Amino acid sequence: MTGYLTRQMSGFSATYRRELGAYFATPMAYVFLAVFLLALGLFTWEAGRFFDTGVADLQPFFVWHPWLYMIFLPALAMRLWADEKASGTDELLLSLPLGIPGLVLGKLMAAWTVAAAGLLLTLPMWASVNFLGSPDNTAIALAYFVSLLMAGAYLSIGAAVSALTGSQVTSFVISVVIAFVFTAAGWPLVLSTVQSLFGTGFADIVARFSFITQFEGAQRGVLELRAVAYFLGFTATFVFLNCLWASRQRLG
Amino acid sequence: MLEVKALEKSYGAKHAVRGVSFTVEKGTVLGFLGPNGAGKSTTMRMIAGVLEPDSGDALIDGQSIISDRRAAQASLGYLPEGAPLYEDMTPPEFLRFLAEARALPRKSRRDAVDRAIADARILSVSHQRIGDLSKGYRRRVGLAGAILHDPPVLVLDEPTDGLDPNQKRAVRALIARMAPSKAIIISTHTLTEVPAMCHRAVLIDRGRVIADDTPAGLARRSEDGSLESAFSRLTDQVEDETL
C-alpha cells in the first residue's frame, strides 16, 4: 500500500519546486501578488468601508475573499497544464517515470503556495486592527485558515480545467464561470430567484454548495467542521478530475 | 535491449500505426525512416510511454512499457519531436529538475548533471535561460536531458532537424560517442546522414514496416544505388499497391 502511494506520488517534490520556480522566474507571481493585494485593499477600504464600521475586526476584509478568488485564482492556475501543452513539454513530462497524482498535486500545491504568500502579505492589516482596538484574534486566525482552504478549492477548479482544455484563455474563462456558479449560489440575489422558481428546500441545497455560505461561519469566527470538510472534499473532487483529465492525454 | 512488438494505434478513423515490430541490440544505432505522417513519431511516443498503444508492447531493457511503465521509462531516454523544454529555466536547473523527477540518488545527481552538460557540450550556455538559446543549443539541452540518467535505450525523434551543418555534425558526434553502450533509435528525414550515423535502417510507410536492412542494403534496392531513390521507390510502391 505504501509502495503504491509512493509510486503514485513520485515526482511531487520535483514538480512542486519546478512550478513554484516558474511562477517566480517570470513576473507572473509578482504581478499576481501586487494586483491581488491592490484589489483586496481597494475593496476592503472603499467598498467595505473598513474605517466606518467603528469595529476593530477584519469582517470587511474577509467578505471579499470569495469574489476576488473567483477572478484571481483561475488566472493563477490557468497556466499549470495549458502551458505544458502549448510548449510541448507535456510529452517530456509523460515520458518520465512519474505518477500522474504526484504531478497534479505538485502543480496545485505550487499555485496554492503563491496564494498563501498573497494571504501572508495581508498580515499588516491584521496588525493594524490590533493597533486600533482589540479584535478577537482567534477568530481572525480561523478566518485566515478557512480562507486558505477555500483558495485551494478555487485553484483546484482552475488546475483541472487547465488540463481539460489545454488552452490558457479558454481555461481561464471556463474556470471563472464554474467558480462563479459555486460562489454566487449563496448570493441572496441568486438565492431568492432560485427560491421563487424551485421552492425553499431546493434553495437550501443550492446554498449549502456555495463557497459564500460555507465561508460565512469562518467570517463570524466560528469553526465549522462542515465547511472545512466541504472545501477539502471539493478540492479532492477536482484533484481527482484533474488526474483523470491529465492522464487522458496518454490515450491520444 | 529494445524489443518493439506489433504496436498498433488509431486516432479515430485514422489507423496511424499498423503492427510495427523490430528489435534494437546494444551497440546499434537504428535509423527510423519514412515519409511525413508514416507513423514514426506515433511509434516513438508509444515506445516512450507517452501514448498508450491500442495493442502490442515495447520491452525496454526487458521491461514492458504497458505492464511496468515506470520501470521501462526509467531505462529510457527520450527526445520528443522539436525538443520541447522549460524555457524559464537554465540548462542546469532543467537537468536538476529531471534528476529529481527521475529520483536519481541524491549523491549522484550533481555528477549526472555535470556529465550530461559536458557530454552535450552546453557548459558555455549554463547561465542562460533556455528560452534565449539558439536552436542548436536547445536541441543539445534536450539531448542532455535524454542521456542524464545514462539509460541503456535512447529514442530520439529528429535530433538533427532544423540544425545547421556544424550543429548536425556535433549532434552526430555525440550519438557516435554514446553508440557502443546503448541501443539507439533515431528518426530523421535527412537521408544523407543515415549511412554516416546508423548501422541499420527501418523504413515505415502508412504505419507499416516496409524495409529493415543496413543503409547500404537498402540503397542497393534502387537502380542508381542511392538511399534517396530507394526511399522514394519503396514508399511509392506501397502507394501503388494500395491504390
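## Two loop residues with positive phi

B:Arg206 sits in the loop between strand E9 (200-205) and strand E10 (208-213) of chain B. Helices (H or I, at least four residues) and strands (E, at least two) are DSSP runs, numbered from the N terminus. The phi angle of B:Arg206 is near 50 degrees, a positive value in a residue other than glycine. B:Arg206 counts as partly exposed because it has 19 C-beta neighbours inside 10 Å. The cut-offs are these: a residue is buried if 20 or more other C-beta atoms lie within 10 Å of its own, exposed if 12 or fewer, and partly exposed in between, with C-beta atoms placed from the backbone.

This is a predicted model, in which local features need pLDDT of at least 70, side-chain atom pairs count only at pLDDT 80 or more, and totals for chains, interfaces and linings use all residues. Residues are numbered from 1 along each chain as its sequence is written, while chains are lettered from A and ligands numbered from 1 in the order in which they are written.

B:Ala83 lies in the loop between strand E6 (76-79) and H3 of chain B. Its phi is near 45 degrees, again a positive value in a residue other than glycine. B:Ala83 has 24 C-beta neighbours inside 10 Å, so it counts as buried.

## The four-stranded sheet of chain B

Four strands of chain B form an open sheet in the order E2-E1-E4-E5, with antiparallel pairing. Two strands pair if DSSP finds at least two bridges between them. Strand E2 (14-24) and strand E5 (63-64) of chain B each have a single partner strand and stand at the edges, so one side of each is left without a neighbour in the sheet.

E1(B) and strand E4 (residues 55-60) of chain B run antiparallel and are joined by five bridges. Within E4(B), B:Asp57 is the bridge partner of B:Lys5. Helix H1 (residues 40-47) of chain B packs on the sheet and touches E1, E2 and E4 of chain B. The direction of this helix makes about 120 degrees with that of E1(B); axes are lines fitted to C-alpha atoms, for helices over the stretch in contact, and angles run from 0 to 180 degrees between N-to-C directions.

In E7(B), five of its five residues are buried. B:Val153, B:Val155 and B:Asp157 are on one side, B:Leu154 and B:Leu156 are on the other, and both faces are covered. In a regular strand the side chains alternate between the two faces of the sheet.

E7(B) runs parallel to E6(B), with four bridges joining them. It also runs parallel to strand E8 (residues 183-187) of chain B, joined by five bridges. B:Leu154 is the bridge partner of B:Gly77 and stands opposite B:Ile184 in E8(B).

## The two domains of chain B

Chain B is divided into domain 1 (2-75 + 151-242) and domain 2 (85-150), with bounds that come from an automatic or database domain assignment. The C-alpha centres of these domains lie 25 Å apart.

## Where chains A and B meet

The contact takes 23 residues from chain B and 22 residues from chain A. On the chain B side, the elements that give two or more residues are strand E1 (2-11), helix H2 (69-74) and helix H3 (91-101). That side holds 13 nonpolar, three polar and seven charged residues.

The buried residues of H3(B) include B:Phe94, B:Leu95 and B:Leu98. The buried residues of this helix pack against helix H2 (12-25) of chain A together with helix H4 (106-119) and helix H5 (135-147) of chain B.

## The nonpolar core

The largest nonpolar core has 142 residues. Such a core is a set of buried Ala, Val, Leu, Ile, Met, Phe, Trp, Tyr and Cys residues joined through C-beta atoms within 7 Å. Helix H10 (residues 137-165) of chain A gives the largest share, 16 residues. Domain 1 and domain 2 of chain B both give residues to this core, so it lies between them.

Definitions and conventions:
Two residues are in contact if their C-beta atoms, placed from the backbone, lie within 7 Å. Ala, Val, Leu, Ile, Met, Phe, Trp, Tyr, Cys and Pro count as nonpolar, Asp, Glu, Lys and Arg as charged, and the others, Gly among them, as polar.
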